[in-house]
Amino acid sequence: MQSQKQFKRRFSFEFFPPKTDKGRDKLQVVRDRLAEVRPDFFSVTYGAGGSTRDRTIDTVLSLHQQGISTAPHLSCVGSSKDSLAELLNLYRDKGINRIVALRGDLPSGMGAAGELRYANDLVRFIREHSGDTFNIEVAAYPEFHPQARNAEEDLKNFARKVEAGANSAITQYFFNIDSYFYFIDRLEKMNVTIPVVPGIMPIVNYANLVRFSEMCGAEIPRWIRKQLEAYGDDSESIRQFGEDMLSEMCRKLLDAGAPGLHFYTLNQAEPSFNIWNNLNLGDRNKIAF
Ligand code: FAD
């Protein structure tokens, strides 16, 4: 973990672009609440193949114009270089300076793969097209990507994104803290040293968490599964357990030198906000870097 300690901590909150007016109004309230903790940036997801293109742009620009730096996610799968370049130009012209660059996952049966195959191709393309305009974030998988040929190949593929010009990374969520420490140690041995910020998934709905974790390859340890199962429909106990467990995990990560936290908010303020408060990070000036 030594290499991560040199980086300044940064904190960020991720949203998805709302589909309805009601969702937009709700996000405004969530955004105001989370802005109180003065995060370094917000980020907004992008549907693979451009399925949320306009909604992502609208959400990014509306958040950005309200005073907190906002990073659009951009995925290359199913997109042409021309359409990606158009988006990069738009973001540059609007003063956006950070992009989360991803491959994305096309729903089965939806169109062709596109001109860029992997996230490292997208990172290279962004650098070729936009130079140093953007700080480029990429995805990292402490428990390895579900489609990776094997763990070693996945580490090499992560290094490819860094070689192509990525500045920092955000991890897939995980509940096995040792997987993150191991991942960082392996990167250190490969001389790959960029900030790798843990992605934190608040627990609000057990069934959704199980379904999503199976898709993205995040393991829910047995003791957590058993505890959550025991609560059944008692959503208040699930929420409380999730907040306590994740606050403890975040504390251990930060104490060990993790360079910040990125919250997958699911467009809800309270779960992330409560974890934040439990960490006593309220006054950002008091954080010891
Ligand atoms: P890559 O880094 O390209 O890796 C994908 C797979 O290909 C891995 O198995 C890797 O080992 C392999 N691979 C990579 N490069 C090569 C190569 N050169 N040769 C051979 N194999 C290679 N998805 C969305 O659709 N929209 C979002 O907004 C979004 N946001 C996300 C944010 C974060 C922080 C994270 C962690 C994930 C996000 N995702 C999002 C999900 C992501 O798109 C999927 O996990 C996707 O399957 C992989 O994307 P990637 O950028 O990690 O791909």
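## The sheet

Two strands count as paired if DSSP finds at least two bridges between them. In this predicted model, nine strands form an open sheet, in the order β7-β6-β5-β4-β3-β2-β1-β9-β8, and their pairing is parallel. The edges are formed by β7, at residues 196–197, and by β8, at residues 199–200, each of which pairs on one side only. In general, strands of a sheet pair through backbone hydrogen bonds, in either a parallel or an antiparallel manner.

## Strands β5 and β6, and helix α5

Strand β5, which spans residues 135–140, runs parallel to strand β6, at residues 168–171, and four bridges join the two. Within this pair, A140 stands opposite T171 of β6. Helix α5, covering residues 151–163, packs on the sheet and touches β5, β6 and β7, while its direction makes about 175 degrees with that of β5.

## The ligand and its polar contacts

The ligand is surrounded by 24 residues, of which Y46, D105, Y141, D154 and K161 are the closest. Y46 places a polar backbone atom 2.7 Å from a nitrogen atom of the ligand, whereas for H73 a polar side-chain atom lies 3.0 Å from a ligand oxygen atom. In the case of Y141, an N or O atom of the side chain is 2.7 Å from an oxygen atom of the ligand. On its own the ligand has 970 Å² of accessible area, and the protein covers 86% of this.

## Make-up of the shell

Two or more residues of the shell around the ligand come from each of α4 (119–130), α5 and β6. Helix α5, which also packs on the sheet, gives the most to this shell, with four residues. Sorted by class, the shell holds ten nonpolar, nine polar and five charged residues.

Conventions: Residues numbered from 1 in each chain as written. Predicted model: local features only at pLDDT ≥ 70, side-chain atom pairs only at ≥ 80, totals over all residues. Heavy atoms only, no water. Contact = heavy atoms within 4.5 Å. Axes fitted to C-alpha atoms, helices over the stretch in contact; angles between N-to-C directions. Near = heavy atom within 4 Å. Polar contact = N/O pair within 3.5 Å; in protein donor to acceptor, adjacent residues only side chain to side chain. Areas by Shrake-Rupley, 256 points an atom, 1.4 Å probe, with all protein chains shown as cover. Nonpolar A, V, L, I, M, F, W, Y, C, P; charged D, E, K, R; others polar.
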